[in-house]
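Biologist: I'm new to this one, so could you walk me through it and explain your labels as we go?
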Amino acid sequence: MPASLTLRGLLRLALPIVAILLLTSCSGRGPVRRVSQPAASLQQLTVRADGRWELQLRLNNYSSMPMRFTAVRLDLRFDNGAAAHIEAQPNLEIGPESADTHVTTLAPTPAGMARLATALADGHGLSYTLEGSVQATPEGAGAKDWKVKASSALSPVPGLPGTLR
């Protein structure tokens with residue numbers, strides 16, 4: 001019987017130690033920090049009285065950490081025809097898995113201006129493509145130029161002449 005008491009005593013000591021080790025190994029080193037490619041799209045386009053366009057550019061951060069968006073260089077195309085070149089310095093910090101907008105004003109190409117005027121006069125929408133790069137810096141890392149390409153459509157906004165969303 002003394003051998004069984006020793007085994008029982010060892011089990012009493014070993015069981016809590018094993019439980020503590022298992023619990024310790026289950027706890028990670030904090031949340032997973034994932035960096036994903038950001039995205040850009042147009043939220044709104046408004047034709048100003050001087051013929052220039054005011055764009056609300058939507059920047060999406062799909063990463064699990066904040067990112068600072070410092071530069072945008074994109075070509076805007078309507079139905080595969082060049083419409084404008086977008087260069088902006090939003091300097092926005094966007095939280096994890098979030099989005100924000102940056103407003104910029106630009107001069108469109110003559111072809112882009114004509115295509116937009118026709119769509120607005122006819123009350124129709126436009127398909128568009130954005131292609132270029134977005135410079136974004138993940139928290140605790142260096143800046144990186146991300147290639148982006150997005151296609152979507154804009155439709156006239158009732159009650160807001162010269163505006164598409």
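Modeller: Let's begin with what the labels stand for: helices are DSSP runs of H or I with at least four residues, and strands are runs of E with at least two, numbered from the N terminus. Read that way along the sequence, this predicted model follows the pattern α-β-β-β-β-β-β-α-β-β-β. That makes two helices and nine strands.

Biologist: Why does Met113 get its accessibility label?

Modeller: Partly exposed covers the range between the buried cut-off of 20% and the exposed cut-off of 50%. Met113 is at 39% relative accessibility, so it counts as partly exposed. You'll find Met113 in helix H2 (residues 110–122).

Biologist: Which residues is Met113 in contact with, leaving aside neighbours within four places in sequence?

Modeller: Those are Gly51, Trp53 and Pro108. Also, the C-alpha atoms of Met113 and Ala83 are separated by 7.0 Å, with the two residues 30 apart along the chain.

Biologist: How many of the protein's residues count as buried, as a percentage?

Modeller: Of its 165 residues, 33% count as buried.

Key. Residues numbered from 1 in each chain as written. Predicted model: local features only at pLDDT ≥ 70, side-chain atom pairs only at ≥ 80, totals over all residues. Heavy atoms only, no water. Buried < 20%, exposed > 50% of the residue type's maximum accessible area, 1.4 Å probe, protein only. Contact = heavy atoms within 4.5 Å.
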